[in-house]
Amino acid sequence: MMLHIIVNERAGNGRAKKMGAAVCATLTTDYHFYTTKAPHHATAIVEKIAQFQGKQLCLIIGGDGTIHEAIQGAIGHDNIIIGVMNGGSGNDFGRGFSAFTTAADIESFLVKPSITTEDTGLLMAHNQHSFMNNIGYGVDAKIVYEVNRTPLKNWLNRIGLGQLTYAILLMKEVLTFKPFDVTVTHGATCKVYKNVWITTVSNQPFIGGGMKISPHSITNDGRLELTIVENLSRLKLLMIFGTIFKGRHLAFTKHVSQISADAFTIMYSEPIQGHADGEDIGQSSDVVRIEIQPQSFRLARRMLD
């Protein structure tokens, strides 16, 4: 198995660059080294590696955005195995899946590989887009949109408080965001939801740097979970957001619904800002379909997980 190290040196305000240098200085095995230069470059790197013969371990050192891109390139290639080291500010992938922490972890894996086949989700609207963590339209996506554009994120990253960016911008967006209506179809069931704040489809529990929005999601069970937050005041929305880190928001059954299925069709009353794995994907179409892609990529697991 050949090792390929792919580093986004900008991730985590330079944290990933330092991690990559430390790993390369410690490894005793041979490897190929790459740095991403632009958006979607990680996808192109993995797709190129997939043309090699035999199993290829692609170790991604970066944030969820870089991992998201790499997995886009890995889907459909059985010889690609994705490994991860958390080098970003949110690092939700490492919470819900598995991540290496040291060069010794990587070398142990190469001696005795532990590999699982994991699901992803697929958005089908005006274009197709795969995701590994979650995809959503609503106030959470609007916050993501602002997070990725504010200089506040880099400043907080420099002092080790990057995760606070989401919480700070949450306060702003809750005051200005306009709720919307949706019609959700799954299987033979169709239901209308009014004054909706969030529609998030999850493949694993975490979002926004550790918020446990979908506590029961499992990454390889062939299912997705749709979380809908509806019909509540701005003040109560803030209160519910405060419970998401422990997954306790599901207790507010009057306002929070969670549905498990292998596919959802969602009709929106108006265009709504969206995100996939914390990356902006623009506004929704009138109707979107989101479905599971079972067993679509291979993941290297840390021995202790």
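What follows is a chat about a predicted model of a single chain.

Student: To get started, how many helices and strands are there in the chain?
Tutor: The chain of this predicted model holds nine helices and 17 strands.

Student: And how compact is the chain, going by its radius of gyration?
Tutor: The radius of gyration is 19 Å, close to the 19 Å that the globule rule gives for 305 residues, so the chain is as compact as a globular protein of that length. Along its principal axes, the C-alpha trace spans about 55 × 45 × 35 Å.

Student: What share of the residues counts as buried?
Tutor: Of the 305 residues in the chain, 53% count as buried.

Student: What about contacts, how much comes from residues 24 or more positions apart?
Tutor: If you take the contacts with a separation of 6 or more, residues 24 or more positions apart account for 75% of them.

Student: Changing topic, how far apart are the mean positions of the positive and negative charges?
Tutor: The chain has 28 positive and 26 negative charges, and their mean positions lie 6 Å apart.

Student: Now the inside: which residues touch the most other members of the largest nonpolar core?
Tutor: That core has 43 residues, and Phe 264, Ile 266 and Ile 290 are the ones that touch the most other members. Strand E9, residues 189-202, gives the largest share of this core, with five residues. Apart from it lies another core, of 20 residues, among them Val 46, Ile 80, Val 84 and Phe 97.

Student: Which residues is Ile 266 in contact with, beyond its neighbours in sequence?
Tutor: Once the neighbours within four places in sequence are left aside, Ile 266 is in contact with Val 182, Thr 183, Val 184, Leu 226, Asp 286, Val 287, Val 288 and Ile 290.

Student: Is Ser 257 buried or exposed?
Tutor: Its relative accessibility is 17%, and since buried means under 20%, Ser 257 counts as buried.

Student: Let's go to helix H3; why is it described as largely enclosed?
Tutor: Ten of the eleven residues of helix H3, residues 64-74, are buried, so this helix is largely enclosed by the rest of the structure. The buried residues include Asp 64, His 68 and Glu 69, along with Ile 67 and Ile 71. Following H3 comes Gly 76, whose phi is positive, near 90 degrees.

Student: Where does a residue other than glycine have a positive phi?
Tutor: Asn 91 is one of them, with phi near 55 degrees, and Asn 231 is another, with a positive phi of about 50 degrees. As background, most residues other than glycine have a negative phi.

Student: Last one, which residues does Val 139 touch?
Tutor: Val 139, found in helix H6, residues 139-147, is buried with a relative accessible area of 0%. Not counting residues up to four places away in sequence, Val 139 touches Glu 173, Phe 177, Trp 197, Ile 198 and Phe 241. The C-alpha atoms of Val 139 and Thr 102 are separated by 36 Å, and these two residues are 37 residues apart along the chain.

Terms used. Residues are numbered from 1 along each chain as its sequence is written. This is a predicted model: local features need pLDDT of at least 70, side-chain atom pairs count only at pLDDT 80 or more; totals for chains, interfaces and linings use all residues. Side-chain values use heavy atoms; hydrogens and water are left out. Helices (H or I, at least four residues) and strands (E, at least two) are DSSP runs, numbered from the N terminus. The radius of gyration is taken over C-alpha atoms; the globule rule is 2.2 Å times the number of residues to the power 0.38. Buried means under 20% relative accessible area, exposed over 50%, partly exposed in between (1.4 Å probe, protein chains only). Contact means heavy atoms within 4.5 Å. Lys and Arg count as positive and Asp and Glu as negative; His and the chain ends are not counted. The place of a charge is taken as NZ of Lys, CZ of Arg, CG of Asp or CD of Glu. A nonpolar core is a set of buried Ala, Val, Leu, Ile, Met, Phe, Trp, Tyr and Cys residues joined through side-chain atoms within 4.5 Å.
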